[in-house]
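This report looks at charged side chains and at one helix pair. Please keep the sequence and the structure in view while reading.

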Amino acid sequence: MSAAVMVAWLRKQLANWRGHLLTLLMVAAVVITVQWWQTRDVPPGPLPDVPLTVLMPDGSRSESTLRSLSERHAGSPVALHVWAEWCPICKAEEGTITSLARDWPVITVAMQSGDAAKVAAELRQRHLPWVTAVDPRGDVSRQLGFRAVPAFAVIDADGRLRLPAVGYTTSLGMRLRLWWIRLAG
């Protein structure tokens with residue numbers, strides 16, 4: 001192959017990559033914009049201090065708040081996962097959340113999934129060992145700024161929601177968010 005042919009081929013490949021890079025940047029911009037729009041109502045301040053029924057992995061129940069639950073893990077970022085029993089994407093994330101809970105503190109919120117008895121039965125049936133706050137009407141989820149499920153955020157040391165996302169979040173995405181908040185301190 002002559003040098004001129006090689007140079008022409010390289011120029012063509014570079015032009016193709018520029019087009020691919022532009023497409024990738026446009027897709028990234030759309031995804032970031034959609035995430036921003038879906039999480040625009042997430043409050044910048046501390047978590048709401050609303051009493052909720054909390055189901056523990058051992059089956060016990062108590063009354064607490066998300067703030068109190070997160071304060072049990074002082075010094076560590078806490079994952080917050082908002083889900084619903086009727087949500088197919090939430091079902092797809094169940095294994096990811098269960099795995100995440102082995103390495104990080106996780107609090108889940110069962111939004112519009114029924115009363116405590118129904119949510120407890122659902123957790124048992126699906127073998128989900130989660131700390132779960134019951135939000136039967138979705139009032140707390142709306143106060144957190146989430147209008148759709150699944151939703152994920154990190155509760156920082158000051159009790160604020162950080163790095164929120166709505167929709168399917170990968171295990172790597174969840175872990176990177178937690179790691180980033182721990183690093184940022």
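In which hand does H3 pass H6? The crossing is right-handed. The model is a predicted one.

**The helix pair**

The axes of H3 and helix H6 (residues 171-184) come within 10 Å. They cross at roughly 35 degrees. H3 contributes Glu93, Thr96, Ile97, Ser99, Leu100 and Asp103 to the contact. From H6 come Ser171, Met174, Arg175 and Leu178. Sorted by class, the contact of H3 with H6 has 4 nonpolar, 3 polar and 3 charged residues.

**Glu93**

Glu93 belongs to helix H3, which covers residues 88-103. Glu93 is buried, yet it has no salt bridge. Which side chain of opposite charge is nearest to Glu93? That is Arg177, 8.8 Å away. A salt bridge needs a nitrogen-to-oxygen distance within 4 Å. Leaving aside residues up to four places away in sequence, Glu93 touches His81, Pro150, Gly167, Tyr168, Thr169 and Met174. Met174 also takes part in the contact of H3 with H6.

**Salt bridges**

How many salt bridges does the count give? It comes to 11.

| Asp41 | Arg147 | 2.3 Å |

Asp41 and Arg147 link distant parts of the chain, 106 residues apart. Asp41 sits in the loop between helix H1 (3-38) and strand S1 (52-55). Arg147 sits in the loop between helix H5 (139-143) and strand S6 (151-155). Asp41 is partly exposed, at 32% relative accessible area. Arg147 is exposed, at 58%.

Is Arg126 buried or exposed? Arg126 counts as buried because its relative accessibility is 17%, and the cut-off for buried is under 20%. Glu94 is buried too, with a relative accessible area of 13%.

Asp156 is buried, with a relative accessible area of 8%. Which residues are linked in a network of salt bridges? They are Asp156, Asp158, Arg160 and Arg162.

Conventions: Residues are numbered from 1 along each chain as its sequence is written. This is a predicted model: local features need pLDDT of at least 70, side-chain atom pairs count only at pLDDT 80 or more; totals for chains, interfaces and linings use all residues. Side-chain values use heavy atoms; hydrogens and water are left out. Helices (H or I, at least four residues) and strands (E, at least two) are DSSP runs, numbered from the N terminus. Buried means under 20% relative accessible area, exposed over 50%, partly exposed in between (1.4 Å probe, protein chains only). Lys and Arg count as positive and Asp and Glu as negative; His and the chain ends are not counted. Contact means heavy atoms within 4.5 Å. Axes are lines fitted to C-alpha atoms, for helices over the stretch in contact, and angles run from 0 to 180 degrees between N-to-C directions. A crossing is left-handed if the near helix is turned anticlockwise from the far one by less than a right angle, and right-handed if clockwise. Ala, Val, Leu, Ile, Met, Phe, Trp, Tyr, Cys and Pro count as nonpolar, Asp, Glu, Lys and Arg as charged, and the others, Gly among them, as polar.
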